[in-house]
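Work through the following exercises with the sequence and the model side by side. Each task is followed by a solution that goes step by step.

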Amino acid sequence: MTDQTPSSPTPPPLPPQSAADAARAADPDDTGVPTIRGEVDDVGRGFFSALFDLSFRTFITRRLASVFYFVGLIAIAIGFIVYFVGGIMSAISLMWLNVGAGITGLIATIIVVPVVTFLAIILLRFIIEAVVALIAIAENTERTAEHTKH
């Protein structure tokens, strides 16, 4: 028998740049939403000038998407409370006339209202994401057209 000692494997080659340099070079926010630069007053002026831009050259939808989503969630929550409490109250009042119909209404309210609320939240999110994606496509297409003119 020969005595062979296993040789240690060679380490893989190192990349051309360090991880810290690669992290600095990478864009941490790849959503396409422009970052806010400059003074706070400039940002406000940019928003209001975009709001009253009659030629629609500047989009404000991306800036307001989170506000629309928040307002939509509040509206859905109010609708949930109204329909849930109203359904339970009408089911309880219906039990005086017909116990089976009241129990059926109570069970339907407990099951249907949360399911419809959940679907409404998903639909709201889909619509807002679709609009934001459409605006991002328009902005990217405009940038591509500007770079191909030269």
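Buried means under 20% relative accessible area, exposed means over 50%, and partly exposed lies in between, with a 1.4 Å probe and protein chains only. The model is predicted, so that local features need pLDDT of at least 70 and side-chain atom pairs count only at pLDDT 80 or more, whereas totals for chains, interfaces and linings use all residues. Residues are numbered from 1 along each chain as its sequence is written, and side-chain values use heavy atoms, with hydrogens and water left out.

**Exercise 1. Describe the overall make-up of the protein and the confidence of the model.**

Step 1: Helices (H or I, at least four residues) and strands (E, at least two) are taken as DSSP runs, numbered from the N terminus. The protein has 4 helices and 0 strands, which read along the sequence as α-α-α-α.

Step 2: Of the 150 residues, 12% count as buried. The accessible surface (Shrake-Rupley method, 1.4 Å probe; for residues, only the protein chains shown count as cover) comes to about 12300 Å², and 71% of this belongs to carbon and sulfur atoms.

Step 3: With contact defined as heavy atoms within 4.5 Å, 64% of the contacts between residues at least 6 apart in sequence join residues at least 24 apart.

Step 4: For pLDDT, the predictor's confidence in each residue from 0 to 100, the mean over the protein is 81, and 77% of the residues reach 70 or more. Among the elements, helix α2 (residues 40–51) has the lowest mean pLDDT (61), and α3 has the highest (93). Over residues 38–43 the pLDDT is below 50, and beyond near neighbours in sequence this stretch has 2 contacts in the model.

**Exercise 2. Find the salt bridge and describe the setting of its partners.**

Step 1: Side chains of opposite charge can pair when their charged atoms come close. The rule used here asks for a side-chain nitrogen of Lys or Arg within 4 Å of a carboxyl oxygen of Asp or Glu, and the structure holds 1 such salt bridge.

Step 2: The partners are E129 and R125, whose closest N and O atoms are 2.7 Å apart. Because they are 4 residues apart in helix α4 (residues 99–149), E129 and R125 are separated by about one helical turn.

Step 3: E129 is partly exposed at a relative accessible area of 41%, and R125 is partly exposed at 39%.

Step 4: The charged end of R125 also sits over the ring of Y69, 5.1 Å from its centre; the rule here is NZ of Lys or CZ of Arg within 6 Å of the ring centre and within 35 degrees of the ring normal.

**Exercise 3. Which rings form the aromatic pair, and how are they arranged?**

Step 1: Rings of Phe, Tyr and Trp (its six-membered ring) pair if their centres lie within 6.5 Å, and planes under 30 degrees apart count as stacked, over 60 as edge-to-face and the rest as tilted. By this rule there is 1 aromatic pair. The rings of F80 and F84 have centres 5.3 Å apart and planes at 20 degrees, so the pair is stacked.

Step 2: F80 and F84 are 4 residues apart in helix α3 (residues 61–94), and therefore about one helical turn separates them. F80 is partly exposed at 27% relative accessibility, as is F84 at 22%.

**Exercise 4. Is T117 buried or exposed, and which residues does T117 contact?**

Step 1: T117 lies in helix α4 and is buried, with a relative accessible area of 16%.

Step 2: Leaving aside neighbours within four places in sequence, T117 is in contact with I76 and F80.
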